[in-house]
Amino acid sequence: MDKTYITSPIYYVNDIPHIGHAYTTILCDMLKKFYWILGHDVLLLTGTDEHGQKIEQSAKKHHQSPQDYTDKISEKFRQIWNEFKIDYDIFIRTTNEEHCKSVQKAFEIMYAKGDIYKGEYEGYYCISCETFFTQTQLNENNTCPDCGKPTDLMKEESYFFALSKYQERLLQWYEQCPDCILPQYRKNEVLRFVQEGLNDLSITRTSFEWGVPLLPNPQRNDSKSHVMYVWLDALLSYVSAIGYGQETESSKMAYWENATHMVGKDILRFHAVYWPAFLMSLELPLPKHIYAHGWWTKDGAKMSKSIGNVVNPKEVADVYGLETLRYFLAREMPFGQDGDFSQKSLIERINADLSNDMGNLMNRLIGMSEKYFTLRIDSHKVKTYFADEIKQIDTILESVKQKMQTMQPSRYLEELWKTFSLANSYITHYEPWKLIKQDEEKTMALLALLANILARSSFYLYPVMPESATKIAQALGFEISPQNYQKFITEGHLLESFTIQKIPPLFPKIQSPLLVENTTQDTQTTNHQEAKDETENIVNLIDIKDFAKIDIRIGTISECKAVEKSQKLYKLLVDIGADKPRQIVSGIAQYYTPEELLGKQICLIVNLKPAKLMGLISEGMILASKDENGLSLLSIDKPRINGSKIS
Ligand code: MSP
């Protein structure tokens with residue numbers, strides 16, 4: 001069986017998981033499932049990158065030891081991947097002892113080979129990107145060319161990796177291996193970078209301690225203690241996780257022969273230049289593929305904690321469903337390019353692609369087979385009547401497969417959806433409701449054709465939407481497995497006679513956004529540090545006149561009902577002393593029961609423009625505060641008359 005190794009980047013633990021992290025990890029899970037179906041033996045790695053100055057500083061800000069801090073955040077990543085049913089085999093943490101030993105060993109091998117030498121580093125360092133720059137690379141005001149944050153001028157003793165020595169071999173590799181970096185335009189960027197000439201790379205630091213220490217070596221006679229540069233440490237996790245450099249070298253190193261790295265465009269240079277050079281020095285095989293994806297923005301803007309527009313993947317998955325999120329992420333953004341995340345496009349995808357094209361096909365098949373044949377399907381005559389149609393579908397499926405092999409998930413789904421559209425068009429064309437009156441045998445063959453199209457397509461649907469594909473397979477009486485892929489796709493067998501198991505509609509349509517955006521209840525401020533960061537970021541000072549524009553009143557909640565199809569929203573009536581109570585739609589259902597709310601006096605902004613949520617008008621906003629312990633409504637310590645002003 002072909003061994004295949006897929007790696008996600010290992011995530012910095014200075015941040016909680018966001019939609020960008022989810023995107024990368026879901027793509028990896030998708031690739032794993034795709035190759036599993038094709039019959040490969042696949043190993044998937046993810047994990048956390050826990051060393052470096054940035055993490056040391058974050059831990060300090062939290063008044064925690066780096067180890068306690070990294071333990072906590074690393075666990076959040078593990079938790080979300082578990083909740084997202086990511087089928088990872090290894091979760092590596094760079095603070096793991098075995099990993100540290102591997103890094104130390106790799107350093108000694110490269111040192112003994114003469115690829116590492118001692119020198120003095122003088123240059124600019126961006127802690128946020130954990131990257132060194134020369135003055136010429138910086139922006140005008142000496143800020144980082146990648147993230148725009150201030151850099152530090154540093155001068156310290158450092159060990160260097162002789163990267164320049166590998167320039168030619170790297171160029172040869174890019175040339176000999178056309179698809180080692182995809183998309184091609186990203187590869188061209190890498191090529192230009194290397195052609196311009198490579199500087200040797202500083203790979204140790206002496207100005208902080210949170211890193212893998214260099215082993216003492218009498219030959220080196222260091223005046224200070226060095227720790228490894230965080231990128232050397234992190235990249236080596238790809239091999240340390242499968243046993244490299246450890247006493248009992250595990251057999252998993254065999255997977256290294258066929259490794260694929262999934263990375264964001266921002267970290268491509270580390271993977272496509274530094275990493276292969278380290279591997280060449282260590283005399284290890286190079287990765288087979290490095291796939292670089294683009295970035296998600298929110299409503300056209302870069303996501304950032306201080307703007308408060310970071311999309312929380314769990315919130316999206318909780319209301320729209322994990323399968324939908326996976327589909328949207330893979331389909332919406334052509335691989336390599338940037339894409340925008342909005343509920344509007346998510347809903348459009350659900351309604352058009354999932355509900356109309358695919359869901360509808362399944363429903364129509366169930367409906368017609370129940371009406372005409374009591375749910376029985378028999379494929380005997382499919383090839384007699386519909387040989388061309390089957391051929392047409394198989395040609396499309398071949399191209400679907402090729403799209404994933406060249407890492408074009410969006411094109412992959414676009415192609416796959418052609419099979420559903422075709423199947424729907426066969427229904428329109430052959431009009432089974434008329435055909436049944438003239439030719440029962442052909443009608444059965446037509447319905448069996450539809451069932452076989454859905455069955456074949458479900459193998460390719462599985463990597464992206466495993467649960468939906470499994471439901472389709474169960475309804476059609478087979479299992480998604482590499483053996484069945486072989487049988488139905490490779491060998492082209494048709495489904496045997498079976499009775500359809502009825503399933504509920506796969507993707508009901510969605511009418512309006514399910515997530516409340518830009519309200520107090522929906523801020524992404526989910527932990528103490530973020531709240532603190534936001535406090536530190538208060539720069540928009542306002543005049544008292546600005547504050548006076550906001551009309552906040554005391555009100556009593558007189559009615560509270562759950563909003564249909566929403567786990568987060570309540571429809572409330574709030575008495576503010578006027579003739580009529582105000583109707584408020586608020587995202588607090590996860591934090592309070594209706595009983596807890598009834599009769600409660602709360603603070604309400606009453607002059608906010610009315611907004612529509614899930615089709616319901618909301619005439620104000622209840623004030624609340626949210627932190628890692630949940631959400632708490634603002635209240636007053638003595639009862640007040642409803643309608644009293646807050647000033
Ligand atoms: N620790 C390094 C990776 C070391 S791998 C040996 C790192 N970590 S990270 O947490 O900052 O980023 C991890 C990944 O998330 C990167 O591939 C990055 O491109 C991706 N994303 C971060 N924000 C993103 C978006 N807004 N959109 C898509 N992906 C983004 O870098």
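**Chat about the ligand shell and a few other spots**

Me: Which elements each supply at least two residues of the shell around the ligand?
Reply: This is a predicted model. In it, at least two shell residues each come from β2 (11-12), α1 (19-37), α7 (230-235) and β12 (259-264).

Me: And which one gives the most?
Reply: That's α7, with three residues in the shell.

Me: Which residues come nearest to the ligand?
Reply: I10, D49, G264, D266 and W296 do, out of the 21 residues around the ligand.

Me: How do the shell residues divide into nonpolar, polar and charged?
Reply: There are 12 nonpolar residues, seven polar ones and two charged ones around the ligand.

Me: OK, what does D49 do with a polar side-chain atom?
Reply: One such atom of D49 sits 2.7 Å from a nitrogen atom of the ligand.

Me: What about the side chains of H21 and W295, how far is an N or O atom there from a ligand oxygen?
Reply: For H21 the distance to an oxygen atom of the ligand is 3.4 Å. For W295 the side-chain N or O atom is 3.2 Å from a ligand oxygen.

Me: How much of the ligand's accessible area does the protein cover?
Reply: On its own the ligand has 670 Å² of accessible area, and the protein covers 94% of that.

Me: Switching topic. Where does S379 lie?
Reply: S379 is in the loop between β17 (376-377) and α13 (382-405).

Me: Buried or exposed?
Reply: S379 is buried, because its relative accessible area is 5%, and the cut-off for buried is under 20%.

Me: Which side chain does the side chain of S379 contact?
Reply: That of N452, in a polar contact at 3.0 Å.

Me: Now Q53. Which helix is it in?
Reply: Q53 is in α2, which covers residues 53-61.

Me: Is Q53 buried or exposed, and why?
Reply: Q53 counts as buried because its relative accessible area is 12%.

Me: How far is Q53 from S74, in sequence and in space?
Reply: They're 21 residues apart in sequence, and 17 Å apart in space from C-alpha to C-alpha.

Me: Last one, the surface. Which residues form the nonpolar patch there with I544?
Reply: F547 and I550 do, and together the three have about 270 Å² of accessible area.

Me: Where is I550 found?
Reply: I550 is in the loop between α20 (544-548) and β19 (552-562).

Me: And what is its relative accessible area?
Reply: For I550 the value is 33%, so I550 is partly exposed. Residues in such patches need over 30%.

Definitions and conventions:
Residues numbered from 1 in each chain as written. Predicted model: local features only at pLDDT ≥ 70, side-chain atom pairs only at ≥ 80, totals over all residues. Heavy atoms only, no water. Patch = residues over 30% accessible without salt bridge, like charges linked within 9 Å, V, L, I, M, F, W, Y side chains within 5 Å. Areas by Shrake-Rupley, 256 points an atom, 1.4 Å probe, with all protein chains shown as cover. Salt bridge = Lys/Arg side-chain N within 4 Å of Asp/Glu carboxyl O. Helix = DSSP H or I, 4+ residues; strand = E, 2+ residues; numbered from the N terminus. Buried < 20%, exposed > 50% of the residue type's maximum accessible area, 1.4 Å probe, protein only. Near = heavy atom within 4 Å. Polar contact = N/O pair within 3.5 Å; in protein donor to acceptor, adjacent residues only side chain to side chain. Nonpolar A, V, L, I, M, F, W, Y, C, P; charged D, E, K, R; others polar.
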